[in-house]
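Please write a short report on the structure shown below.

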Amino acid sequence: TGVAEPLDPSSPGKTQLAYEFIEQRISDGTFAPGRRLVLGTIAGKIGVSTLPVREALRMLEAEGAVTYERYVGAHVTGLDPERYWQALESLAVLDGYATASAARYVTDEVISEARSTNAEMAHTLVDPEALRELHSRFHHLLFRRSPNAHLVDLVERTWGHLERLRSMAPESSTRSTTTAIAEHDHLLSLLEIGAPSSVIEKTVRDHHRAASRSDTSEVTATA
């Protein structure tokens, strides 16, 4: 057998490795808004050259997570109320359509699991981070049943982008969690009775837009 050649430092695999390393630390707050992202330092931590790190930062810049300044370099983007609203609005449209297209593939078992997740939300009211995770899990259970793999990927990317932005946002929300839970229950009831896809799409879209109005008003007030 031949000896495998070493991976090129600029290969897509190493760019993805660098992307995941930086993205995770932005998401969990290790790399806080405003923090400078030094190519050499990050490359040394990962064990790659600076080229894949630079490419990863450009990918994150395109997603709005990183900002480049001339003569300064890259830093973690601060919270931009307009970008936050755009992400919320995009999620409303994409998740609404994806969930509607998934409706006929949502089984009784999926609905049961979604109900359990929703019930868990009601017992996690004092933990904002856990609530966000449960809310995300609830919707992922549904839209991932869509047969449109590209659409599912778009929704997942939008959720990821929104979670990065939410990590910079206030922990509390003026929107009642009990209201969101009730809307989840209503959505599951629609799926159970086989409601028209247009009704399901509108229900999901309105659900996200209600959260959007509340979240955006708080972000604007604190930005």
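Glu120 counts as partly exposed, at 38% relative accessibility. The classes used here are buried for under 20% relative accessible area, exposed for over 50%, and partly exposed in between, with a 1.4 Å probe and protein chains only. Glu120 belongs to helix H5. Helices (H or I, at least four residues) and strands (E, at least two) are DSSP runs, numbered from the N terminus. Beyond its neighbours within four places in sequence, Glu120 is in contact with Leu134 and Arg137. Contact means heavy atoms within 4.5 Å. Glu120 and Leu134 are 14 residues apart along the chain, and their C-alpha atoms are separated by 7.6 Å.

The model is a predicted one: local features need pLDDT of at least 70, side-chain atom pairs count only at pLDDT 80 or more, and totals for chains, interfaces and linings use all residues. Residues are numbered from 1 along each chain as its sequence is written, and side-chain values use heavy atoms, with hydrogens and water left out.

Ser116 also has its place in helix H5, which covers residues 108-122. Ser116 is partly exposed, with a relative accessible area of 45%.

Glu192 sits in helix H8 (residues 177-193). Its relative accessible area is 47%, so Glu192 is partly exposed. Setting aside residues up to four places away in sequence, Glu192 touches Ile111 and Arg115. The C-alpha atoms of Glu192 and Arg104 are separated by 9.8 Å, with the two residues 88 apart along the chain.

His139 is found in helix H6. At 1% relative accessibility, His139 counts as buried. Its contacts, not counting residues up to four places away in sequence, are Asp95, Trp159, His184, His207 and His208.

Tyr71 lies in the loop between strand S2 (66-69) and strand S3 (73-76). Tyr71 counts as exposed, at 76% relative accessibility. Its phi is near 70 degrees, a positive value in a residue other than glycine. Most residues other than glycine have a negative phi.

Here are the accessibility values side by side.

| Residue | Relative accessible area | Class |
|---|---|---|
| Glu120 | 38% | partly exposed |
| Ser116 | 45% | partly exposed |
| Glu192 | 47% | partly exposed |
| His139 | 1% | buried |
| Tyr71 | 76% | exposed |
| Phe21 | 15% | buried |
| Phe31 | 5% | buried |

Now the rings. Rings of Phe, Tyr and Trp (its six-membered ring) pair if their centres lie within 6.5 Å; planes under 30 degrees apart count as stacked, over 60 as edge-to-face and the rest as tilted. By this rule the count is one aromatic pair. Phe21 and Phe31 form that pair, edge-to-face, at 6.5 Å centre to centre and 65 degrees between the planes. Why does the pair tie together parts that are 10 residues apart in sequence? Phe21 lies in helix H1 (residues 12-27) and Phe31 in the loop between H1 and strand S1 (36-37), so the pair joins those parts.

Two arginines lie over rings. A charge sits over a ring if NZ of Lys or CZ of Arg is within 6 Å of the ring centre and within 35 degrees of the ring normal. Arg25 lies over the face of Phe21, at 3.6 Å from the ring centre. On a 1 Å grid over the protein atoms alone, a pocket is an open set of points where a 1.4 Å probe fits, with protein on both sides within 12 Å along at least five of seven lines; lining residues have an atom within 4 Å of a point. The largest pocket has a volume of about 640 Å³, taken as the space filled by probe spheres set on the points, which are joined across faces, edges and corners. Of its 23 lining residues, Glu23, Ser27, Gly160, Glu163 and Arg164 are the closest to the centre. H1, helix H3 (50-62), helix H6 (128-143) and helix H7 (149-166) are the elements that give two or more residues to this lining. H7 gives the most, with seven residues. The lining of the largest pocket divides into three nonpolar, nine polar and 11 charged residues. Ala, Val, Leu, Ile, Met, Phe, Trp, Tyr, Cys and Pro count as nonpolar, Asp, Glu, Lys and Arg as charged, and the others, Gly among them, as polar.

Last, the whole chain. The protein has nine helices and three strands. Their order from the N terminus is α-β-α-α-β-β-α-α-α-α-α-α. Of its 223 residues, 43% count as buried. Among contacts with a separation of 6 or more, 73% come from residues 24 or more positions apart.
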